[in-house]
Amino acid sequence: MSRPTVAVSAPGKVLLAGGYLVLDRGHTGLVFGLDARIHVHVQTLPTSPGLALSEIIVRSPQFRDAEWRYGYHETEHHGGLQINQLKGHPTSTQSRNKFVETALAYALSYVSAHSDTKIGSTSITIVADTDYYSHPGSTPGTVPTRFIDFHVPLTEAHKTGLGSSAALVTAFVAAVLTHYLDEKMLQLHSDSGRRRLHNLAQAAHCAAQGKVGSGFDVAAAVYGSCVYRRFSPSILEELGEPGSPQFSQRLTAVVDESDASNTWDMQIDKATARLPRGLRLVMCDVDCGSESVGMAKKVLAWRKGNPDEAALLWATLQKGNDELAEELLRLAQGITTDSRDYKNLSDTILTIRSLIREMSAKAEVPIEPKVQTDLLDTCCRISGVVGGVVPGAGGFDAIVLLVENDALPSLQQFLDTYKTTTESDSGPVIGKVRLLGVKQDFEGLKSEDIKTYADWIR
């Protein structure tokens, strides 16, 4: 039986405040969704009459050698669906894509537990908005389109740090579920449907990463901009692996929250994640990147070894982060005599940066490296640039700035000629700085018009 063709997109994210703190349920993070999205298109795989296949083809056509073929079968003892990569086809890559493979296994196991209908073969296409990667590219035809061909293998693509893996997993499981399940079983835009998609995406993303993270990136992919308090890691402790006995039952219980003693306890506050109308959130790609996992381990090790000192620093940072969210909300609501008076906002950001540099020095981790400090300070001297930070875990990823709308041309002109004069402090040297085209987007998951992807579908 043919199922409907669907397309779903999920936004990228930027953690404006709350890096490292958001790992702890005692603290929160201020995360903004971005209008750069990951898109997933799912359609029934055409077959010859009388031929039944159990195959799913996943393609990422913007990259070279980015096709994965999977076989699947039901396992015994309610273990869910077992996914096996098929490597014999001449167009398929031989390398694994752990995020795609894990998201597929989790999504199909959930579908099989909720539907008696045979899971048919599908063709799944993934496309990304341009600003996820630091690569020039070209459109597939003569007329400019939203998506470009990056002309490189996926393994060689340089990410800009917008949260592509979380957006991918979220859009992927949402598209697969809306393709296979009847609307009466799952409505993408209902509160209950969105909550279940959040729970499933968190479980799949944690499994693909090999660790239970804070989940702020998946929360932003589902819900959009929000103030986020993480879920308890114990929720996923007993889930196990796809194919293990009773996996599909455990997965369903976790996602649907059928066990009252193991419900998701994250807090997602969309009302207080606001930007005033005159400000735009922009990002500048420095095309260096850093390994946030290794940095996080060092920060957490310092915190464990210095509990009293760290507790004071964490509490002071949380106070600054709260004040930042409150000031943005105050300006957004117009509770001020001058809607363009951003001095208090600028001072709050400077205070947070000072505390982050203190954390960086004590943990001996380059959260705000000197080259990034110089870039931020220089940008903030431009009229109309209110402030900026190295978001999230920090390092040499893209920086984020809050900019008055009419200051964008001046910022772009400055960045076109910017060259660092600072020697690298045990890290990459910033070369060309590129102003990304992204801005804040308060919407999370959404359905898309399937005609948008006509140039990319095979």
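**Overall dimensions and strand pairing of the predicted chain**

Of the 458 residues of the protein chain, 55% are classed as buried, where buried means under 20% relative accessible area, exposed over 50%, and partly exposed in between (1.4 Å probe, protein chains only). The model is predicted, so local features need pLDDT of at least 70 and side-chain atom pairs count only at pLDDT 80 or more, while totals for chains, interfaces and linings use all residues. Residues are numbered from 1 along each chain as its sequence is written, and side-chain values use heavy atoms, with hydrogens and water left out.

The C-alpha trace spans about 70 × 55 × 45 Å along its principal axes. Contacts (heavy atoms within 4.5 Å) between residues at least 6 apart in sequence join residues at least 24 apart in 75% of cases. The accessible surface comes to about 19500 Å², and 51% of this surface belongs to carbon and sulfur atoms. Accessible areas come from the Shrake-Rupley method with a 1.4 Å probe; for residues, only the protein chains shown count as cover. The chain carries 45 positive and 53 negative side chains, with the centres of the two sets 2 Å apart. Lys and Arg count as positive and Asp and Glu as negative, whereas His and the chain ends are not counted; the place of a charge is NZ of Lys, CZ of Arg, CG of Asp or CD of Glu.

The secondary structure comprises 10 helices and 13 strands. Helices (H or I, at least four residues) and strands (E, at least two) are DSSP runs, numbered from the N terminus. Strands of a sheet pair through backbone hydrogen bonds, either parallel or antiparallel; two strands are taken to pair if DSSP finds at least two bridges between them.

Strand E1 (6-17) has 12 of its 12 residues buried, so E1 is largely enclosed by the rest of the structure. E1 pairs with E2 in the antiparallel sense over 10 bridges, and Pro-11 has Arg-37 in E2 as its bridge partner. E1 is also joined by two bridges to strand E13 (residues 446-447), again running antiparallel; here the bridge partner of Ser-9 is Lys-446. The loop between E1 and E2 holds Tyr-20, a residue other than glycine with a positive phi, near 70°. Tyr-20 is buried, with a relative accessible area of 5%.

Strand E6 (residues 122-128) is likewise largely enclosed by the rest of the structure, because seven of its seven residues are buried. On one side of E6 these are Thr-122, Ile-124, Ile-126 and Ala-128, and on the other Ser-123, Thr-125 and Val-127. The pairing of E6 with strand E3 (residues 55-59) is parallel and has four bridges; Val-58 stands opposite Ile-124.

A positive phi is also found at His-77, about 55°, although this residue is not a glycine. Most residues other than glycine have a negative phi. His-77 lies in the loop between strand E4 (67-74) and strand E5 (81-86) and is exposed, with a relative accessible area of 52%.

Helix H4 (residues 216-223) is mostly covered, with eight of its eight residues buried. Elements covering these residues include E1, E2, helix H2 (164-180), helix H3 (191-209), strand E7 (226-229) and strand E8 (267-269). Just after H4, Gly-224 adopts a positive phi of about 85°.

Four strands form an open sheet in the order E10-E11-E9-E12, with antiparallel pairing. Its edge strands, E10 (385-389) and E12 (434-435), each pair on one side only. Within this sheet, six bridges join strand E9 (residues 279-285) to strand E11 (residues 399-404), and Arg-280 stands opposite Val-403 in E11.

Leu-350 is a residue of helix H8 (residues 343-363). Leu-350 is partly exposed, with a relative accessible area of 44%. The C-alpha atom of Leu-350 is separated by 39 Å from that of Val-152, 198 residues apart along the chain.
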